[in-house]
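Welcome to my notebook. I looked up a few spots along the chain and jotted down what I found.

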Amino acid sequence: MRLDPNLTPAQRELALKIQEKSKPMAYGMVLGVPLTFGGVHYGITQKPLGFVAALAGLGLLAFGVYSLLQMQGLKRQLRLITADAWRSPAAHLPGARKAATQAAYLNGLLVLLSLAATGYLLYKGAGWGAYGNSLGFGALMTAAALPFGLALAAATTIPQLLQVIPAGAKVGRSLYSIIFVLATTVTGEGIKSHAVGPVVGGGATLLICWGAMTLLGKAAKRMRGERV
């Protein structure tokens, strides 16, 4: 990921360290979740050997969580030297407070959408046969963990926005952009296969994400006291 050219040397150094920690965090989570859940499933339904894989998965998960905690520490350091991570100097203005409230609602919508996506995947997993075999169960849990993680990340921004901290809007915008990319893929596949459901669902999601990203971008500017 390309870094913002406007970062100060101190900010750039911390951003690079965060990027370095993101790799082991991702590997630990992506490998640990399927091994843990798939291993437990195999251990219960097939052979006790599956519990050995589950223990290995737990080790990878612990490694991923440890890297995540290190990332959070670095992010806290970065916030101390980033203007958007502090309460806006325009927080006393009605326009900034209104923009912060609007952004909080939008990020709250993202929490609900992400949780709905998690539930949908867990529900559809039965139709896909994912609960009937260990490999499918592990893959399903990994897929469901992604929107659940987005929901948690979006939820953490709401307290920031209620304090009129512009960073909350920027993070929400980034999270919506992830769903935007996924919806683009779903829509494209639907067009190729001439499937109405994915096209309608993906297209509606694209519109929601595009609107939310636009509004969050404007909200961040209003929270800084800038003209929109």
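**Entry 1: a bend.** I began with helix α1, where a kink of about 25° lies at Gly32, shortly before the proline Pro34. The bend is the angle between axes fitted to the seven residues ending at a position and the seven starting there. Helices here are DSSP runs of H or I, at least four residues, numbered from the N terminus.

**Entry 2: ground rules.** I noted that this is a predicted model, where local features need pLDDT of at least 70, side-chain atom pairs count only at pLDDT 80 or more, and totals for chains, interfaces and linings use all residues. Residues are numbered from 1 along each chain as its sequence is written, and side-chain values use heavy atoms, leaving out hydrogens and water.

**Entry 3: spans.** I checked α1 (residues 9-45) end to end: its 37 residues should span 54 Å at 1.5 Å a residue, and its end C-alpha atoms are 54 Å apart, which agrees. The expected span is 1.5 Å times one less than the number of residues. Just after α3, I found Gly129 with a positive phi of about 80°.

**Entry 4: Ser114.** Is Ser114 buried or exposed? Ser114, in helix α3 (residues 94-128), is buried, because its relative accessible area is 2% (buried is under 20%, exposed over 50%, partly exposed in between, with a 1.4 Å probe and protein chains only). Beyond neighbours within four places in sequence, Ser114 is in contact (heavy atoms within 4.5 Å) with Pro147, Leu150, Ala151 and Ile179.

**Entry 5: Val30.** Back in helix α1, I looked up Val30, which counts as partly exposed at 47% relative accessibility.

Conventions
Helices (H or I, at least four residues) and strands (E, at least two) are DSSP runs, numbered from the N terminus.
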